[in-house]
Amino acid sequence: MRGSEPDGRDPAARPTRIHVVSDVHGNTEALARAGDGADALICLGDLVLFLDYADHSRGIFPDLFGKKNADRIVALRTDRRYDEARAFGRELWAGRDRNTEILGAVRKQYAELFAAFPTPTYATYGNVDVPDLWPEYARPGTTVLDGERVEIGGRVFGFVGGGLKTPMNTPYEISDEEYAAKVEALGPVDVLCSHIPPEVPELTYDTVARRFERGSRALLEAIRTTRPRYALFGHVHQPLVRRMRIGTTECVNVGHFASTGTPWALSW
């Protein structure tokens, strides 16, 4: 009689391999290959590319207003001159139908990005995503989860999408209370998947943008109390620390997929 692993798996069985991506930001070509060699793909959100801070010629904003105006809006935001940035944005949008133009551009990106997802894909929203549009583009092989759990290869994965309120006012930012309720709804899981990181300075500081992004205290408390094996997230493109342990939980920023084109792999 063959033995088994501590988690009940047959040691002769083929290992389960999961690829994880976040912050895709329009990188459709790499996304189409992201599931190669894996049993499933997990996407932690931010599919849309509104403005590329590394290349100001890419994204919805420069397509609408040109690179010169993109340069200015990035400079204002980087300097934390948010009021000036908002005033400049209002000036650019004067006389134009903002919602119609942005949603049209987002729809075009979503049509290409969702078509690139392999089967199966498990996805949650990022802060720049538009959740109301996802049902139109998610195919049968893509499962969208937010405040929900799913079993993959004998392990339980919990998903929490979106971001918290910031001066950037991106499309899917919610209150701390609403976010915490989604985290609590998960209960104990083996792998905690979110778009934003737990509220830990080393994980939330972006070394290029030179600012702290918002992390979640609710995620941090869930890690401390339920002790998942892994906490996986993205959102911070150039973090001070990409990986650290909190108690028994390995916390991993899976990387800025838009620039790397390489998924993070988890196998067991």
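Predicted model: local features only at pLDDT ≥ 70, side-chain atom pairs only at ≥ 80, totals over all residues.
Residues are numbered from 1 along each chain as its sequence is written, and side-chain values use heavy atoms, with hydrogens and water left out.

View A. A disulfide is a pair of cysteine sulfur atoms within 2.5 Å. By this rule the count is zero. Cys251 is in no disulfide; its nearest cysteine sulfur, in Cys193, is 12 Å away. Cys251 counts as buried because its relative accessibility is 0%. Cys43 is buried too, with a relative accessible area of 0%. Buried means under 20% relative accessible area, exposed over 50%, and partly exposed in between (1.4 Å probe, protein chains only).

**View B. The largest nonpolar core.** This core has 57 residues. A nonpolar core is a set of buried Ala, Val, Leu, Ile, Met, Phe, Trp, Tyr and Cys residues joined through side-chain atoms within 4.5 Å. Leu31, Leu47 and Tyr110 have the most contacts inside it. Helix H5 (residues 98–116) gives the largest share, six residues. Helices (H or I, at least four residues) and strands (E, at least two) are DSSP runs, numbered from the N terminus. Another core, of 20 residues, lies apart from the largest one; Ile18, Ala40, Leu232 and Val254 are among its members.

**View C. Around Leu47.** Contact means heavy atoms within 4.5 Å. Leaving aside neighbours within four places in sequence, Leu47 is in contact with residues including Val24, Tyr110, Phe114 and Trp134. His25 is also in contact with Leu47.

**View D. Two buried loop residues.** His25 is found in the loop between S1 and helix H1 (28–31). At 9% relative accessibility, His25 counts as buried. Not counting residues up to four places away in sequence, His25 touches Asp46, Arg58, His237 and His256, among others. Gly126 is found in the loop between strand S3 (121–123) and helix H6 (134–137). Gly126 is buried because its relative accessibility is 0%. With the sequence neighbours up to four places away not counted, Gly126 touches Leu44, Gly45, Asp46, Gly162, Tyr172 and His195.

**View E. An open sheet of five strands.** The order is S4-S3-S2-S1-S15, and the pairing is mixed. Two strands pair if DSSP finds at least two bridges between them. The edge strands, S4 (142–144) and S15 (264–267), each pair on one side only. Strand S1 (residues 17–21) runs parallel to strand S2 (residues 40–43), joined by four bridges. His19 stands opposite Leu41 in S2.

**View F. Strand S6, covered on both faces.** Six of the six residues of S6 (residues 155–160) are buried. Arg155, Phe157 and Phe159 lie on one side, with Val156, Gly158 and Val160 on the other. Strand S5 (residues 148–152) pairs with S6 in the antiparallel sense over five bridges. Two residues lie between the strands of this hairpin, where Gly153 takes a positive phi near 55 degrees. S6 also pairs with strand S9 (residues 191–194), in the parallel sense, over four bridges. The bridge partner of Phe159 in S9 is Cys193.
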